[in-house]
Amino acid sequence: MDISSAALVVIDMQNGFVNHHSRHVVPAVADLVARWSAAGRPVVFTRYFNYPDSPYERSFQWRRLQGPPETDIVPELAEAAGHAHAVVDKTGYTLFTPEAAELMRRAGWTDLVFCGIATESCVLKSAADAFEHGYAPWIVTDACASDAGPDVHDAGLTVARRLIGTGQLVSTRHVMGQLTAHAASPVLE
């Protein structure tokens, strides 16, 4: 993980995705965001917005997350989102909207470190798309959850191992070690 060229991407930490299956991850993500930000590294938040006659409505009859308060970032992360490098609004699974792709290209990031909800859908799709776009994707496994439950979270991680590589799945502890090592390394001028 190249911390000097990495951004933390916080996927869809919105009220509508937090339930009894995923609530436990909110403090883990909030801590990761706080520590990443304290190290002076960029954070990007995504927000998912559903809409009338979306593919989610047509295929799943799923009509949620069409407006506040469901679409709002959870209170524990709202302030951090307000200070983020960017907040990317999307109507599909992936981070890779045209605007986000341009943002990442301009920033020159090589590594994208993913956390958030839901492991098996928006986190997985964003990480797989990052891989296909030439970025080094990292999934922080203990800072992700599924609103569909732990078995679905585990299934998402299984698929992620196949799509982006086993070594790309890391723990918060690993990321903190990388941040510490980066902070301790000498700056060459």
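**Notebook: sheet and helix packing**

I began with strand 1, which is joined to strand 2 (residues 43-48) by three bridges, the two running parallel. I note here that the model is predicted. I then looked up a partner pair: Val-9 has Val-44 as its bridge partner in strand 2.

Next I checked the other neighbour. Strand 1 and strand 4 (residues 111-117) are joined by six bridges, and they also run parallel. On that side I found Ile-11 opposite Gly-116 of strand 4.

**Burial of strand 1**

Is strand 1 buried or exposed? I went through residues 6-11 and found six of the six buried, so the strand is largely enclosed by the rest of the structure. I sorted the residues by direction. Ala-6, Leu-8 and Val-10 point one way. Ala-7, Val-9 and Ile-11 point the other way. Both sets are buried. I recall that side chains in a regular strand alternate between the two faces of the sheet.

I wrote down the strand order as 3-2-1-4-5-6. The sheet is open, has six strands and pairs in the parallel sense. Which strands stand at the edges? I found strand 3 (86-90) and strand 6 (169-170) there. Each has a single partner strand, so one side of each is left without a neighbour in the sheet.

Strand 5 (residues 136-145) pairs with strand 6 over two bridges, in the parallel sense. Ile-139 has Leu-169 of strand 6 as its bridge partner.

**Helices on the sheet**

I looked at what lies over this part. Helix 6 (residues 150-164) lies across strand 5 and strand 6. I noted its direction at about 170° to strand 5. Helix 7 (residues 172-184) also packs on the sheet, where it touches strand 4, strand 5 and strand 6. The direction of helix 7 makes about 130° with that of strand 5.

**Helix 1 against helix 3**

My last entry is a helix pair. Two packed helices are described by the angle and the distance between their axes. How do the axes of helix 1 and helix 3 cross, and at what angle? For helix 1 (residues 25-38) and helix 3 (residues 75-82), I read a crossing of roughly 25°, with the axes coming within 9 Å. That angle is under 35 degrees, which means helix 1 is roughly parallel to helix 3. I logged the crossing as left-handed.

I listed the contact residues. Helix 1 gives Val-26, Val-29, Ala-30 and Val-33. Helix 3 gives Glu-76, Leu-77 and Ala-80.

Notes: Residues numbered from 1 in each chain as written. Predicted model: local features only at pLDDT ≥ 70, side-chain atom pairs only at ≥ 80, totals over all residues. Heavy atoms only, no water. Axes fitted to C-alpha atoms, helices over the stretch in contact; angles between N-to-C directions. Helix = DSSP H or I, 4+ residues; strand = E, 2+ residues; numbered from the N terminus. Parallel < 35°, antiparallel > 145°, perpendicular 65-115°, else oblique. Left-handed = near helix turned anticlockwise from the far one by under 90°. Contact = heavy atoms within 4.5 Å. Buried < 20%, exposed > 50% of the residue type's maximum accessible area, 1.4 Å probe, protein only. Pairing = 2+ DSSP bridges.
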